[in-house]
Amino acid sequence: MTWMLAAEEGGSNVLRIPMFEFVIGLVAFFIVFGALAKFALPKIKQTLEERADAIEGGIKRAEEAQAEAQRTLEQYQEQMAAARAEVAEIRQQAEAERASVMEEARKAAEAQAAQIAANATAQIEAEKAKALADLRRSMGGVATDLAGRIVGESLADDARASSVVDRFIAELEQASPNGGQN
Amino acid sequence: MQGAVVPMAEIEPGCHLGNDFGCGFPAPDASIFDIEPYFGQFTKPVFLLLLGSLLIIVFFLIAFRRPQLIPSKLQSVGEMGYLFIRDGISREVIGKDGDRFVPLLFSIFFFVWIGNLWGIIPGAQFPVNSRFAFPVGLAIMVWIIYMYLGMRHQGPIKFFTNMMFPPGMPKPIYVILAPIELISNVLVRPVTLSIRLFANMFAGHLLLTVFTVATFYLASPSVIGILGSATSFLMTVIFTGFEALIQALQAYIFTLLTAVYIAGSLHAEH
C-alpha cells in the first residue's frame, strides 16, 4: 500500500508516501475546492462585480451631476451678465432723459423769465411815458394859470407860453437826474 | 544508550542534564514524524487535515453566506483573502482570463496554509504538509492541470515544442536547451513543487522540536542548565515566529507557482 521513493529498510523514511494519506489528502482538497467553488466563491464574485458596478455608476452619476451644475452655473452667470447690462443701459437712458428734461425745464423757465422781464420793462416804459405826458400837460396849464394870475394878465400868446413851459421842464429835468424813474 | 539518538517514544520523564539516569540529550530525529494512528490509519496529521478542511469550508461559507455591497467585518476578512488571490496572484500572473482559475488557486492557498498553520497552533503543533504524501498529491494534481491545459490550448505536440524551443535563441543552443527545458518543465516542476513545501515544513517542525526538547532537557539546577534552557526557550519562541512567516510564504509560493504553470500552459512563452 505504500510507494517507496527511497527505500530504506528498518528506519523511518520521511519520503515514504502512504497511499492512504495520498488519497485522503486529495479527497479533502477536492471537497474544499468543490464547496468553495460551488457555494462560497460565486456569491462573493458576484457581489464584488456589483460593487464595482455601483462604484463606477456612482462616479458616472457624480460626473453627470457636476456637468449639470456647471451648465446651470454658466447659464446663471450669462443671465446675470445680461441683467447687469440691461440695468446699466436703463440707468444710462434715465440719466440722459433726466438731463434733457432738466435742460428743457431750465430753458422754458429762462424764456418765461425773459418774457416777464420784457413785459414788465415795456409796461414801465409805457406808464412812464404816459405819466410824463400827463405831467407835462397839466404842469403847463397850471404854470400858465399861475403865471397869468401873478402878472395879472392872461398870457394869450400860447406859443410863447408853451416855449417857456418847455424850457422850464427841461431845466427841471436837468436839476433832478433821477427824474426819469418817477 | 548514552550518546545515542533516542526515539521520542523512549524519552524518560525526568531526563534532565546532570541527572544520572544514564540518558543523554534525546535529540529528535525523523521518527517524530511517524505518529501512532488514533485508529485505523487516522493519524494526527490526517485528523488535522480533515479538521482544517472543515474549518476552511465553514469559515468561507459563513463569511460569504449573504454577501453585502457594504461588507460586514467577517465578509471583509474573506474578501481580503479573495482579492489577494484574484488581484495579487491570478490577475498578476495569468491576467484577466485567469479569473476562472481563482477558485482553484484560492482553495490551494488556504488548504496549504491551514495545513502548515497547524505546526504552530498550540495543542496541534504538527504541520500537515510535513507528511510528504500531501504535498505530492497536490503537486501531481497541479501537474495534471498544467499538462491538460497546455495540450488543450497549444495543441498536444505544439505545447511541448513551444516549451522546448523558445524563440530568439541561436540555433545551436537548442541542442542543449531543448532537453533541459523539457526535463525542467515536465519532470522537475512537480518534484520541486512538492519537495519545497514538504522540506520547509519538515525542517521547521524538526527545529522547533529540537529547541523544545532542549528547553526541557537542559532545565536543571546548574548555571549551564538554566542559561541553556532559557536560551532554548527563547529560540523556540523566535522560531515559532519565523515559522508563522514561512508557513504563509510557502502557501503563497505554492499557489503562485501553480498560477505561473497555468499561465505557461495557456500561452506559449515568448
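The largest cavity in this predicted model has a volume of about 80 Å³. The lining of the largest cavity consists of 14 residues. Those nearest its centre are Asn13(A), Val14(A) and Arg16(A), together with Asp34(B) and Arg131(B). By class, eight of the lining residues are nonpolar, two are polar and four are charged.

On the surface, a nonpolar patch is formed by Leu54(B), Val58(B), Phe59(B), Ile62(B), Leu74(B) and Val77(B). Together, these residues have about 480 Å² of accessible area. Two elements of chain B, helix 1 (44-63) and helix 2 (73-93), each give two or more residues to the nonpolar patch. The most is given by helix 1 of chain B, which supplies four residues. Leu54(B), one of the patch residues, has its place in helix 1 of chain B.

Val260(B) is found in helix 7 of chain B, which spans residues 223-266. The relative accessible area of Val260(B) is 33%, and this residue is therefore classed as partly exposed, since the value lies between the 20% limit for buried and the 50% limit for exposed residues. Along the chain, Val260(B) and Val93(B) are 167 residues apart. In the model, the C-alpha atoms of Val260(B) and Val93(B) are separated by 6.2 Å.

Note on methods. Residues numbered from 1 in each chain as written. Chains lettered and ligands numbered in written order. Predicted model: local features only at pLDDT ≥ 70, side-chain atom pairs only at ≥ 80, totals over all residues. Heavy atoms only, no water. Buried < 20%, exposed > 50% of the residue type's maximum accessible area, 1.4 Å probe, protein only. 1 Å grid on protein atoms, 1.4 Å probe; cavity = no way out; pocket = protein on both sides within 12 Å on 5 of 7 lines; lining within 4 Å. Points joined across faces, edges and corners; volume = space filled by probe spheres on them. Nonpolar A, V, L, I, M, F, W, Y, C, P; charged D, E, K, R; others polar. Patch = residues over 30% accessible without salt bridge, like charges linked within 9 Å, V, L, I, M, F, W, Y side chains within 5 Å. Areas by Shrake-Rupley, 256 points an atom, 1.4 Å probe, with all protein chains shown as cover. Salt bridge = Lys/Arg side-chain N within 4 Å of Asp/Glu carboxyl O.
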